[in-house]
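Here is a short report on the structure shown below. Look at the sequence and the model first, then read on.

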Protein chains: 2
Amino acid sequence: MSPASPETTLPAPITAPPSKDELAARLAQVQRRMRDEGLDVYVSFDPVNVYYLTHFANNVHERPFLLLIPQQGTPTILAPLLETSHVRARALCDLEYATYYEFPAPEGENWWDVYAQLIDSGARVGIEPAMPAGILERTPGKTTVSDIIDEARIVKSAYEIGRNAHACQVVELGHEKLLETSRPGAIVGSVYAAASGAMMARILADIPRANLMVTRTVGAVWPPSLSDDPHIIPTFDTQIEEAGPHVTIAFCQVDGYGVELERTFFLGSVPEAARAPFDAMFEARARAFELARPGADMGSIDTAVRKLIHDRGYGDRILHRTGHGFGITGHEAPYLAEGYHRDLEPGMLVSIEPGIYIPGLGGFRHSDTVLITESGAVSLTHAPETLDELTISL
Amino acid sequence: MSPASPETTLPAPITAPPSKDELAARLAQVQRRMRDEGLDVYVSFDPVNVYYLTHFANNVHERPFLLLIPQQGTPTILAPLLETSHVRARALCDLEYATYYEFPAPEGENWWDVYAQLIDSGARVGIEPAMPAGILERTPGKTTVSDIIDEARIVKSAYEIGRNAHACQVVELGHEKLLETSRPGAIVGSVYAAASGAMMARILADIPRANLMVTRTVGAVWPPSLSDDPHIIPTFDTQIEEAGPHVTIAFCQVDGYGVELERTFFLGSVPEAARAPFDAMFEARARAFELARPGADMGSIDTAVRKLIHDRGYGDRILHRTGHGFGITGHEAPYLAEGYHRDLEPGMLVSIEPGIYIPGLGGFRHSDTVLITESGAVSLTHAPETLDELTISL
């Protein structure tokens with residue numbers, strides 16, 4: 001069995017907006033954690049967390065949006081006048097509204113003047129690690145950094161898994177286009193256009209009213225001269241080369257739900273020097289799939305995977321951890337990373353993507369979006385996997 | 001003379017990357033401000049500010065990039081191992097490098113362990129209002145929030161003005177496409193594709209190696225049923241309607257330099273009720289252009305513009321300030337806003353965009369990207385302006 005073959009039935013894709021009950025359950029979980037931590041109020045600034053709880057998406061700019069969550073009852077959103085009708089049009093949960101006019105504003109009419117009236121000066125206030133210092137210094141009460149909402153997001157509901165499963169269908173289509181259009185001499189820009197365009201067309205066919213603020217498609221290829229540098233961004237005119245290793249990235253965020261699919265592939269031929277690192281990456285990936293079961297410590301999975309790569313002679317060619325979580329974003333907790341000690345649970349959604357990067361030769365990495373189930377890791381993304389399948393005839 | 005006609009020669013567009021001297025001058029200005037404020041170190045987290053000083057662009061994720069600026073000498077960038085070669089490939093200034101492996105990481109090997117070694121515990125440390133609370137609590141020394149780099153960015157160099165002037169040519173092209181393709185029954189998605197595609201094609205023709213992390217094009221239209229809500233985002237399938245007021249947004253960030261161009265237009269006919277608010281907006285805009293001269297207090301300009309709109313009977317239909325700055329981003333200081341007391345200076349780049357929003361009728365707003373020169377406000381963007389010009393025959 002290949003590591004990415006599902007043993008169990010894949011979750012059914014969902015494209016509908018969340019129900020009020022779904023959002024109420026998310027809020028209830030946050031409020032439960034607030035009671036455990038003894039917090040009177042939790043203030044969310046991070047637009048990802050605000051979207052998770054309300055279905056309202058905003059771009060961060062100099063006019064803040066703050067979601068104030070009481071330990072019990074309905075949250076209040078503090079938003080600029082300019083956006084009040086926008087919030088009302090998009091939010092799908094119960095909300096109270098507090099409005100300020102503008103930033104900057106005359107003395108006494110700034111957002112912090114309204115904010116100060118919404119929280120008791122004696123309150124115990126939880127804030128996100130992401131809260132900007134300029135907002136923190138205006139926050140009333142006794143503040144504590146605590147990532148309660150990020151923690152609540154780690155284990156997915158059936159609804160969330162359905163949204164991510166739909167996004168995985170989109171990213172599979174984009175990845176097919178990447179492999180179809182990558183030929184020596186083609187530029188990354190045209191490959192990008194084909195893949196990201198196909199994904200966007202599919203999203204809009206499935207969800208014509210998708211919120212475009214949280215919908216994004218990326219399809220790119222790192223040719224061998226760049227693929228040892230996984231986070232450099234190819235320019236539009238970067239050329240696809242002969243042979244490989246080329247490394248793909250297909251990513252999409254579909255109406256607020258993010259996933260990825262990545263492969264290492266070759267055009268025409270495989271350089272001899274590339275076979276051993278490909279095999280080592282492939283083995284490391286299989287090991288990670290095998291270990292990724294409920295109850296496994298995530299840090300220990302990364303340690304075992306790193307050890308395998310080290311034993312194959314590439315210990316100094318590792319640049320990153322084995323994986324990260326997905327959900328609203330394409331990059332979030334939990335992490336398959338040394339030093340992160342927490343057990344996997346059913347309902348977590350993680351990437352499995354151990355990588356090997358060799359300057360002068362290139363990069364080796366597959367990545368899938370993987371659901372942890374009672375019976376183990378089930379990939380929600382499917383694409384060619386083996387060196388044979390990923391050596392494309394010219 | 002129409003308010004947007006240039007009295008002086010427009011600045012020549014620039015598409016080349018910044019010289020080392022340009023970046024050194026930006027750093028020198030920041031370090032001069034640090035001396036004035038008695039800061040030993042300034043820590044920049046905001047990717048916009050890091051780009052401004054280094055020409056290296058990053059996406060914020062859970063692995064922080066921190067630029068540590070000493071009062072004199074070369075800054076140090078603290079970056080994850082995964083990104084070190086990426087930073088080296090893109091940064092165009094002198095830099096020292098400090099690396100951490102990954103986040104999360106085993107105890108003693110986290111980013112904060114390296115960070116702690118880079119700043120003396122007794123140092124006076126300036127931080128941005130944007131620094132996240134989770135990084136602030138790990139920052140050594142005595143921290144003070146101070147937006148030194150944001151302030152340094154307010155008055156543009158000749159190089160920056162040339163970059164923004166080029167971006168204005170791009171946005172003018174995008175805006176032409178918006179007006180060409182907006183017809184009753186067309187969907188916003190197709191208008192968006194035509195405008196944003198034309199802008200992107202032009203950018204890549206002019207700058208084939210544009211950094212795609214800081215290159216973005218947006219072209220959209222709010223039909224009259226939405227245009228009273230200026231920050232709601234139309235969905236892909238939103239239909240362009242008969243008559244108006246429709247409001248356009250053409251925005252682009254070209255290889256890191258952002259500008260905008262917006263107009264209120266009508267298809268076929270102008271509803272009688274729309275004439276007076278259009279005229280009031282048009283007059284308010286002319287007043288703002290006239291008042292926007294070196295030495296004018298920015299808050300007072302907004303007050304005068306608001307008063308004019310109020311006198312025309314639309315005082316309760318104002319949702320936002322008269323304008324905001326441009327530069328690296330499309331939204332930054334300085335602000336033409338009540339309560340913001342600072343004088344305009346030559347080299348500032350601002351939007352002039354007073355708006356009137358009437359539920360049931362629609363929105364009225366033109367916006368231009370405007371350079372403040374010794375002789376007054378010079379629009380770098382050009383498009384039809386009058387009600388006649390903006391009533392398109394069907």
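## A residue in the core

Val171(A) touches Met199(A), Ala250(A), Phe251(A), Cys252(A), Val259(A), Glu260(A), Leu261(A) and Thr381(A), leaving out residues up to four places away in sequence. Two residues are in contact if their C-beta atoms, placed from the backbone, lie within 7 Å.

The largest nonpolar core has 237 residues. Val171(A), Ala292(A), Val171(B) and Ala292(B) have the most contacts inside it. Such a core is a set of buried Ala, Val, Leu, Ile, Met, Phe, Trp, Tyr and Cys residues joined through C-beta atoms within 7 Å. A residue is buried if 20 or more other C-beta atoms lie within 10 Å of its own, exposed if 12 or fewer, and partly exposed in between.

## About the model

This is a predicted model: local features need pLDDT of at least 70, side-chain atom pairs count only at pLDDT 80 or more, and totals for chains, interfaces and linings use all residues. Residues are numbered from 1 along each chain as its sequence is written, while chains are lettered from A and ligands numbered from 1 in the order in which they are written.

## Two chains, one axis

A rotation of 180° with 0.0 Å of shift along its axis brings chain B onto chain A, with an RMSD of 0.0 Å. That is the relation of a two-fold axis. Copies are superposed by least squares on the C-alpha atoms of residues with pLDDT of at least 70 in both. Of the residues of chain B, Pro132(B) comes closest to the rotation axis, at 2.2 Å (C-alpha).

In the interface, 48 residues of chain B are in contact with 48 residues of chain A. On chain B, helix 3 (81-90), helix 5 (133-136) and helix 8 (188-206) each give two or more residues to this side. Helix 3 of chain B gives the largest share, 6 residues. Helices (H or I, at least four residues) and strands (E, at least two) are DSSP runs, numbered from the N terminus.

## An open sheet in chain B

In chain B, 6 strands form an open sheet in the order 4-3-2-1-5-6, with mixed pairing. Two strands pair if DSSP finds at least two bridges between them. Strand 4 (96-100) and strand 6 (142-145) of chain B are the edge strands, and each pairs on one side only.

Strand 5 (residues 124-127) of chain B pairs with strand 6 of chain B in the parallel sense over 4 bridges. Val125(B) has Thr143(B), in strand 6 of chain B, as its bridge partner.

## Thr264(B) and its surroundings

Thr264(B) lies in strand 10 (residues 264-267) of chain B. Is Thr264(B) buried or exposed? Thr264(B) counts as buried because 27 C-beta neighbours lie inside 10 Å. Among the residues that Thr264(B) touches are Pro245(B), Phe278(B) and Leu390(B).

## Backbone exceptions

Most residues other than glycine have a negative phi, and most peptide bonds are trans. A cis peptide bond joins Gly244(B) and Pro245(B), with omega about 5°. Pro245(B) belongs to strand 8 (residues 243-254) of chain B. In chain A, the peptide bond from Ala333(A) to Pro334(A) is cis, with omega near 5°.

Ala243(B) is not a glycine, yet has a positive phi of about 55°. Ala243(B) is partly exposed, with 18 other C-beta atoms within 10 Å. Asp255(B), also not a glycine, has a positive phi of about 50°. Asp255(B) sits in the loop between strand 8 and strand 9 (257-261) of chain B. Asp255(B) is buried, with 22 other C-beta atoms within 10 Å.
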